[in-house]
2 protein chains.
Amino acid sequence: MTKLDLLKFVPFRMNRLSAAISTALSSEYRDRYGIEVPEWRVIATLGFREEPCTAQFVVQHTSTHKSTISRAVTSLLEKGLIERIENPVDRREYALQLSRDGKALYQGLIPRLLNREREILSALAPAELRQFETILAKIEKSLDLVQADDHPAAPRDYEQA
Amino acid sequence: MTKLDLLKFVPFRMNRLSAAISTALSSEYRDRYGIEVPEWRVIATLGFREEPCTAQFVVQHTSTHKSTISRAVTSLLEKGLIERIENPVDRREYALQLSRDGKALYQGLIPRLLNREREILSALAPAELRQFETILAKIEKSLDLVQADDHPAAPRDYEQA
DNA sequence: TTAGATTAGTCTCACATGCAACTATATACG
DNA sequence: CGTATATAGTTGCATGTGAGACTAATCTAA
């Protein structure tokens with residue numbers, strides 16, 4: 001008679017933890033700036049990489065479905081938080097970058113989010129935190145979620161759903 | 001100039017990892033039995049606790065929104081995988097339990113899911129696995145996701161979306 | 001007994017998102 | 001060249017789900 005205790009089942013626990021963490025963070029950008037998760041991911045990508053990059057790059061970088069990114073980009077354009085630059089060499093794609101307002105939002109938001117992350121992880125001792133980083137990296141690798149920057153893996157469309 | 005690397009940001013990594021793990025597991029019940037995540041959670045709860053229990057109990061136990069559980073229960077009833085017993089003492093609630101078919105599904109499914117979990121965690125050394133359990137428990141506790149069985153915490157409605 | 005509060009469960013609404021078809025452009029190769 | 005294939009990005013469609021109103025039943029306390 002095999003049994004399974006949900007509360008000890010890692011997939012369930014990861015789901016629940018991830019949702020709880022998202023909720024804990026979302027107030028910082030949702031309540032404060034009216035930004036949803038996919039939009040946050042676009043901003044995070046553009047803010048971190050100084051150079052403009054395409055929506056396709058954001059898709060790869062964030063492991064988010066391209067239709068979701070497309071809608072997030074549209075929304076951010078409407079909000080004036082990013083700008084779109086035509087690429088004369090390849091007119092299918094556009095280079096995206098943060099606008100002045102987008103950069104200001106980024107600068108205001110990042111410290112808050114890092115603080116939240118710190119708060120959540122403050123439950124861990126320093127050694128545990130290092131272990132956690134190692135463990136996450138190993139599981140990510142075994143699930144093929146890590147991609148060399150120049151040889152991006154096959155696109156994956158996992159969403160926080 | 002503060003910056004944030006998404007790929008090193010724990011909330012993002014947890015989201016992505018949790019989604020990838022869900023995807024890796026869902027084939028076992030989705031493809032195989034046409035069961036969705038909320039239905040799986042109901043089945044897991046009923047199968048683990050031998051005694052019948054109410055939808056409200058499942059809500060608390062799985063940290064899932066009551067409307068989601070309600071729909072999952074309806075769907076499982078239609079599929080004949082669970083049964084609903086009226087409670088003459090309190091006619092608002094119903095006791096739920098796995099049907100014969102539901103128990104068979106449970107018995108067939110559990111070993112597969114445990115195998116999948118093992119595969120995913122096989123990237124970790126035994127010591128790391130123990131560390132991981134400890135770390136998860138600590139973060140869960142700090143986010144108030146653990147509930148004493150007789151003093152359930154305030155209901156939380158985190159969903160995998 | 002009764003009025004107000006509480007609880008279990010259902011249902012409607014709004015909305016986010018994956019999928020897949022689609023458009024427009026670019027590339028590869030005969 | 002020109003045709004076939006691949007790619008960037010958008011959009012329509014279907015669906016899953018959280019919020020919260022709602023119903024019915026129970027509990028509490030005057």
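Two residues are taken to be in contact if their C-beta atoms, placed from the backbone, lie within 7 Å. On that criterion, and leaving aside neighbours within four places in sequence, A:Leu17 of this predicted model is in contact with B:Met14, B:Leu136, B:Ile139, B:Glu140 and B:Leu145.

A:Leu17 also belongs to the largest nonpolar core, which has 22 residues, and within that core A:Leu17, A:Ile21, B:Leu17 and B:Ile21 touch the most other members. At least two residues of this core are supplied by each of α1 and α6 of chain A and α1 (10–33) and α6 (126–142) of chain B. In soluble globular proteins, nonpolar side chains tend to be buried together.

## Overall layout of chain A

Chain A contains 6 helices and 2 strands, and its elements follow the order α-α-α-α-β-β-α-α from the N terminus on. The C-alpha trace of chain A spans about 65 × 35 × 30 Å along its principal axes.

Of the 161 residues of chain A, 32% count as buried. Among the contacts in chain A with a separation of 6 or more, 54% are accounted for by residues 24 or more positions apart.

## The interface between the chains

In the interface, 53 residues of chain A are in contact with 53 residues of chain B. On the side of chain A that touches chain B, two or more residues are given by each of α1 (10–33), α2, α5 (100–121) and α6 (126–142) of chain A, and the largest share, 15 residues, comes from α1(A). By class, the residues on this side of chain A divide into 30 nonpolar, 12 polar and 11 charged.

Not counting residues up to four places away in sequence, B:Glu117 touches A:Phe9, A:Val10 and A:Pro11. Within chain B, B:Glu117 and B:Lys79 are 38 residues apart in sequence and 26 Å apart in space, C-alpha to C-alpha.

## Relation between the two copies

Two copies of a chain are related by a rotation about an axis and a shift along it. Here, chain A is superposed on chain B by a rotation of 180° with 0.0 Å of shift along its axis, at an RMSD of 0.0 Å, and the two copies are therefore related as by a two-fold rotation axis. The same surface serves both copies, in that 100% of the contact residues of chain A recur in chain B.

## Helix α3 and its packing in chain A

In helix α3 (residues 55–62) of chain A, the buried residues are A:Val58, A:Val59, A:Gln60, A:His61 and A:Thr62, and the buried residues of α3(A) pack against α2 (37–48) and α4 (66–78) of chain A. After α3(A) comes A:Ser63, whose phi is positive, near 55°.

The helices α2(A) and α3(A) pack at an angle of about 105°, with their axes 10 Å apart, and because angles of 65 to 115 degrees count as roughly perpendicular, α2(A) and α3(A) are described in that way. In this packing, A:Arg41, A:Val42 and A:Thr45 of α2(A) meet A:Val58, A:His61 and A:Thr62 of α3(A), and by class the contact has 2 nonpolar, 3 polar and 1 charged residues.

Methods. Residues numbered from 1 in each chain as written. Chains lettered and ligands numbered in written order. Predicted model: local features only at pLDDT ≥ 70, side-chain atom pairs only at ≥ 80, totals over all residues. Buried ≥ 20, exposed ≤ 12 C-beta atoms within 10 Å, placed from the backbone. Helix = DSSP H or I, 4+ residues; strand = E, 2+ residues; numbered from the N terminus. Nonpolar A, V, L, I, M, F, W, Y, C, P; charged D, E, K, R; others polar. Least-squares fit on C-alpha atoms with pLDDT ≥ 70 in both. Core = buried A, V, L, I, M, F, W, Y, C linked by C-beta atoms within 7 Å. Axes fitted to C-alpha atoms, helices over the stretch in contact; angles between N-to-C directions. Parallel < 35°, antiparallel > 145°, perpendicular 65-115°, else oblique.
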